[in-house]
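Subject: Handover of a structure and its salt bridges

Dear colleague,

I am passing on the structure below, and I would be glad if you could read it alongside the notes that follow.

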Amino acid sequence: MRKKWVLLAVAVILIAGIIAYSSLNHYQSDGQLQLAGLTEPVRVVRDEKGMPFIYAQNHLDATLAQGFIAAQDRLFQMELARRSVAGRLAEIFGEGVMASDIRNRTIGIHRAANRHFELLPADEKQYLQSYVDGINAYIETREDEYPLKIRLTGMQLDPWTPADSLAIFYLVGWSGAANLRSEILAQSLVDALGPDKAAEIFPININPDEVAAGSNDGSPSPATAFLRLGDENRPVNLLADRRLDSYLHNDQLALGSNNWAVNSSLSAGGRPILAGDPHLDARTLPGPIYPMGIITPQYRVVSSSIAGMPALLIGRNEYVATAVTNGYGDSQDLYIESLDPENPENYLEGVDSIAFEVIEETLKVKDKQAANGFRYETISIRLTKRGPVVSGVLKGLDTDRVLSLRWAMAESMRPTLRLDGLLFAKSVDDVKAVLKNWTMISGNWSFADVEDNIGFHASGRLPIRSQGDSTLPYPVQNSTDNWTGWIPFEEMPHSYNPSRGWVGSANHKVVDDGYPYYYSSYFSHSYRYRRMRELLGTPSVKGVDDHWQFQRDTRNLLAASIVPVMARVLLGHSDSEQLGQILANWNFEDDTELAAPLIFHSVYGEFARLVFEDELGAELTTALLGNPYFWQERLGRMILSGQSAWFDDTDTEAVSEDLAGLLRRAAALTVDNLSGPLGANPADWRWGDVHQIEFTSPLRRRGPGKGLLGAGSHPFPGSGETLHRGIYSFSAPFDTTISASLRMVADMADDEKILAVLPGGQSGRLFDSHRDDQLDDFISGQQRYWWFSDRAIEDHTESELTLVP
């Protein structure tokens, strides 16, 4: 009887879904629509993927249509983005997200965007205004075709402002600024261990280009030397009452990307090729990246960005191609403030007592028990000269001390942004000029032009700090500002037309030890970029198909380095000999059909926890392991050296453990953990059995109905150390959390098309055929295209909509 009821419920849901799709999820993609504000008609054609190509007679008409069409495709996603950054999610989801809203209002990204918009010249204001005018026109005139998710959540839509859109651009910059979390982790390690012991596991950051040149094989973080000097001004146990569990072991710290460009000497087509694949959490359909084409008499662009902002970042126009990765430039500092003991409404700078600036903001919270379904709560935000007080607000900072947050992007606003600059760029010099204005994004950009120039340049504006290294929170002693200036854009990391014929980045350390400024103490491990060097460093020419495969490369150079040590130990004992034999025969590729990747990752993870947990405890170890960029190079060096005081378990005073003993214990834990679900024979295990990626709807990410509204789980190759990215959480292995959110390869010799695929689709509409129609090809590696020429677009046109004034 119960089974019948379940089947009946499923049938009802399916019927409801079909009805919803047909009656509530339709949007007009053919015929004619009026769009107020246009000066000339605009054509919008869509291809077989539902990807729009906008044909307009001028720039502002194109931008107005861009906002309208983006809303047609991704309105729900755009609304979540703008409400998140503005601290307004509680309007939709209620009290459960209030902490997020308070956090984002305190940080003040939207406040910064508002200030910046007021600085812009009239033409740049008009550009942003045209984009949001398009969004607002859709909201005001197309209520009958709102996405089903808008209706189901009861979301009340209000007009967008230009600052809403600009704030999303700021959010991109904030999301890539990971130093705040690494500062909290670093201070937590100092609190737990003392500065000297903590220094032993602080990051080792490696620039593989510097290593290849023979000048440096990877030096410890500058923080290591800094801590060893000691500093009486740095308080111990700053975060003694921290609750790290909810904040620090967040694997989104490992956000990143790959990008590279090769010139004609390495290109089969005789012109540069550029590749980019940004790594984000792409599991929520349709994925975060939104592509489109825009064609006007002034430019032809086929590119992509985040829906809700007009700037197109990853793609190409007729002259240049661009892609961006996270640069990890240190743009955030925590400051330890002192309250005035005689007036706690003030803070001290030496003997000067200064009143906090206080901002009051009102939260609108969805509440079924309240009148009209909402209640209102007022919060007070305290500001110092450096920025907002975030202790007690940011997770991980539950402390009695007062800590303020300083973000470079809030202080380095330029009076011009040129968000549309890449549309008009005709050379790598034009790209460079645009990036100089984008101070809010700490990115590593690769780019190429049709004249066979290639380049790499880091964007963002980073402070010059009087103390140098800024790994730990800084104690305010007086009114002297420790930020003494800004690193000039011309001295940010860059490379133009190098003799080797290629540029690229993988979130790794891009400065050498001779760099005159402190840049950061937190970068990705070097393994992906080392593999990039291997693939691109050969003198043979390569076509777009080669670059497409490079993005899917699964060779793990961390494993190639340490597995020989691991296998040798395991082969020496009968209880682990089979695991050792499988590892010894491995090609170091993290492929789904192999047993060795699973054995390696499991033994490696268990080993890492054994190394650190006896000194750090379970909670802080989980926080550390959740931030692999912090410790992976360090642990790898320990393993290769064969000796470390960290290998000895401090809980067993009568026994002295060593590397071999910990590896054997890690192997035994692997067998215990995996034999139950996968069987007793390790040869039958497969990486793809456990390393999977699951795609879900934002309406139902877990629980009943998740599978019906989502797109299921898929075996996924790669890992956090491979170019084909498949990051998983060490605290909850092995489900993929971070992957490519786009794969794109642009051949400047091909004026017909661009290789590109999304881990989902074009449309954000539930039940839309284009929500996840690219997913199978994303998983399998099948090539898909963005069309570039008029002929290619026309040949693949599936619908045509004319927008008229």
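A residue is called buried when its relative accessible area is under 20%, exposed when it is over 50%, and partly exposed in between, using a 1.4 Å probe and protein chains only. This is a predicted model, in which local features need pLDDT of at least 70 and side-chain atom pairs count only at pLDDT 80 or more, while totals for chains, interfaces and linings use all residues. Residues are numbered from 1 along each chain as its sequence is written, and side-chain values use heavy atoms, with hydrogens and water left out.

With a salt bridge taken as a side-chain nitrogen of Lys or Arg within 4 Å of a carboxyl oxygen of Asp or Glu, the count comes to 46.

One of these salt bridges joins Asp123 and Arg418, with N and O 3.0 Å apart. Asp123 belongs to helix H6 and Arg418 to the loop between strand S17 and helix H13, so the pair ties together parts that are 295 residues apart in sequence; helices (H or I, at least four residues) and strands (E, at least two) are DSSP runs numbered from the N terminus. Asp123 is partly exposed at 45%, and Arg418 is partly exposed at 27%.

In another salt bridge, Glu349 and Lys385 have their closest N and O atoms 3.3 Å apart. Here Glu349 is buried at 2% relative accessibility, whereas Lys385 is exposed at 57%.

Lys509 and Asp513 also form a salt bridge, at 3.0 Å from N to O, in which Lys509 is buried at 8% and Asp513 partly exposed at 44%.

With kind regards
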